[in-house]
Amino acid sequence: MTRELEGKSIVVTGAGRGIGEAIAKDLAKAGALVTIGDVDGATAAAAAKRIGDDGGKAIGVAANVVDRAQVAKLLDAAQAAFGPLHGIVNNAGIAQILPFLEITEDDWRRTMEVNSLGVMICMQEAAKRLIAQGKGGRIVNMASIAGKQGYEPLAHYCASKFSVVGFTQAGAKAFGQHKITVNAICPGVVGTEMWRTIAQQFFDKGLAETPTSAFDAFAAGAVLGRSSVPEDLAGICRYFMSEAGGFTTGQSVNVDGGMVYD
Ligand SMILES: NC(=O)c1ccc[n+]([C@@H]2O[C@H](COP(=O)([O-])OP(=O)(O)OC[C@H]3O[C@@H](n4cnc5c(N)ncnc54)[C@H](O)[C@@H]3O)[C@@H](O)[C@H]2O)c1
């Protein structure tokens with residue numbers, strides 16, 4: 001891999017494991033100086049250590065994306081450790097399976113808070129700093145194919161991810177004048193702890209025959225013939241962060257093995 005992001009300081013939220021960690025590792029391999037934020041500080045530190053052990057540069061910081069003060073501290077820590085900010089990957093998110101008629105206000109609030117409000121706060125706090133630096137920057141949001149298409153037992157999750165696509169388009173228009181690009185990644189069915197929990201919830205709700213069959217059934221929709229792994233999302237993120245990706249903004253790109261077309 002070329003070191004196309006040598007010395008660039010990039011923050012990745014929810015990167016203690018899963019897709020966020022795979023993205024953080026890949027960015028570090030491309031030379032980026034990575035700050036891993038996660039609501040679970042121990043996993044953030046452990047992920048940063050794994051990157052360090054692999055020859056990359058990373059720090060781990062405990063930060064809940066729904067708490068503006070914690071997000072500010074996360075970005076301050078990145079600037080203190082690695083200098084001016086190049087970009088942020090707003091990856092932190094949660095999911096829950098519930099039949100449409102069973103979703104409560106609390107379910108909706110919890111999901112929207114992390115997946116939508118958390119993204120808005122991180123976009124705002126990162127953009128403020130990038131604007132102050134005056135040299136442009138990159139914002140990448142983690143949406144989903146559930147931000148492009150509704151799935152019945154994930155209605156409140158879908159609503160939260162459609163909102164990420166909205167924030168991505170609005171953010172591109174708001175920050176373009178400052179040479180800040182804003183794009184989103186829409187993964188399909190990725191084998192992470194999140195999907196292990198989703199598949200278990202399908203089973204618990206009587207919506208799947210085994211604790212893993214929902215994953216297999218959804219993943220079968222990928223025309224490329226395999227389920228997705230976290231590393232599948234790393235290349236597009238590196239592109240959005242790179243010089244080559246510098247004229248792309250406001251886009252929410254499906255990286256799903258060919259499940260959803262728009
Ligand atoms: N796994 C999939 O199939 C899939 C598909 C589409 C989109 N996504 C999205 O990709 C992102 C990552 O998903 P994943 O599968 O790696 O999930 P995961 O559950 O494996 O990892 C999510 C990480 O985010 C952290 N996190 C949760 N809430 C947080 C908060 N409030 N503040 C900071 N960190 C928080 C968790 O501690 C965890 O380390 C999410 O936004 C998810 O919605 C995942």
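Does Glu 21 count as buried or exposed, and what is its relative accessibility? Glu 21 counts as buried because its relative accessibility is 10%, and the cut-off for this class is under 20%. The structure discussed here is a predicted model.

The structure holds 17 salt bridges. One of them joins Arg 50 to Glu 21, with the closest N and O atoms 2.7 Å apart. Whereas Glu 21 is buried, Arg 50 counts as partly exposed because its relative accessibility is 37%.

A salt bridge also forms where the side chains of Arg 129 and Asp 76 meet, at 3.0 Å from N to O. Here too, distant parts of the chain are linked: Arg 129 is in helix H4 and Asp 76 is in helix H3, 53 residues apart. Arg 129 has a relative accessibility of 14% and therefore counts as buried. Asp 76, at 41%, is partly exposed. Both residues belong to a network of salt bridges that also includes Arg 68, Glu 125 and Lys 128.

## A salt bridge within one helix

Arg 109 and Asp 106 form a salt bridge in which the closest N and O atoms are 3.2 Å apart. Both residues lie in helix H4, and because they are three residues apart, about one helical turn separates them. Arg 109 counts as partly exposed, with a relative accessibility of 47%.

## The nonpolar core

The largest nonpolar core has 29 residues, of which Val 11, Ile 88, Ile 139 and Phe 175 touch the most other members. Several elements give two or more residues to this core: helix H3 (68–82), strand S4 (85–90), helix H4 (105–133), H5 and S6. The element that gives the most is H4, with eight residues.

## The ligand and its surroundings

The ligand is surrounded by 27 residues, and the closest are Asp 38, Asn 91, Tyr 157, Val 190 and Thr 192. In Asp 38, a side-chain N or O atom is 2.6 Å from a ligand oxygen, and in Thr 192 a polar side-chain atom lies 2.5 Å from a ligand oxygen. Val 65 takes part through its backbone, where a polar atom is 3.1 Å from a nitrogen atom of the ligand. On its own, the ligand has 830 Å² of accessible area, and the protein covers 94% of it.

## Features at the surface

Val 223, Leu 224 and Tyr 261 make a nonpolar surface patch of about 400 Å². Leu 224 is found in the loop between helix H7 (213–219) and helix H8 (234–241). With a relative accessibility of 67%, Leu 224 counts as exposed, because the cut-off for that class is over 50%.

Another loop, between helix H5 (155–175) and strand S6 (180–187), holds Lys 179. Lys 179 is not a glycine, yet it has a positive phi of about 60°. Most residues other than glycine have a negative phi. Lys 179 also counts as exposed, since its relative accessibility is 64%.

How values were computed
Residues are numbered from 1 along each chain as its sequence is written. This is a predicted model: local features need pLDDT of at least 70, side-chain atom pairs count only at pLDDT 80 or more; totals for chains, interfaces and linings use all residues. Side-chain values use heavy atoms; hydrogens and water are left out. Patches are made of residues with over 30% relative accessible area and no salt bridge: like charges are joined within 9 Å, nonpolar side chains (Val, Leu, Ile, Met, Phe, Trp, Tyr) within 5 Å. Accessible areas come from the Shrake-Rupley method with a 1.4 Å probe; for residues, only the protein chains shown count as cover. A salt bridge is a side-chain nitrogen of Lys or Arg within 4 Å of a carboxyl oxygen of Asp or Glu. Helices (H or I, at least four residues) and strands (E, at least two) are DSSP runs, numbered from the N terminus. Buried means under 20% relative accessible area, exposed over 50%, partly exposed in between (1.4 Å probe, protein chains only). A residue is near a molecule or strand if one of its heavy atoms lies within 4 Å of it. A polar contact is a pair of N or O atoms within 3.5 Å; within protein, one must be able to donate a hydrogen and the other to accept it, and residues adjacent in sequence count only if both atoms are side-chain atoms. A nonpolar core is a set of buried Ala, Val, Leu, Ile, Met, Phe, Trp, Tyr and Cys residues joined through side-chain atoms within 4.5 Å.
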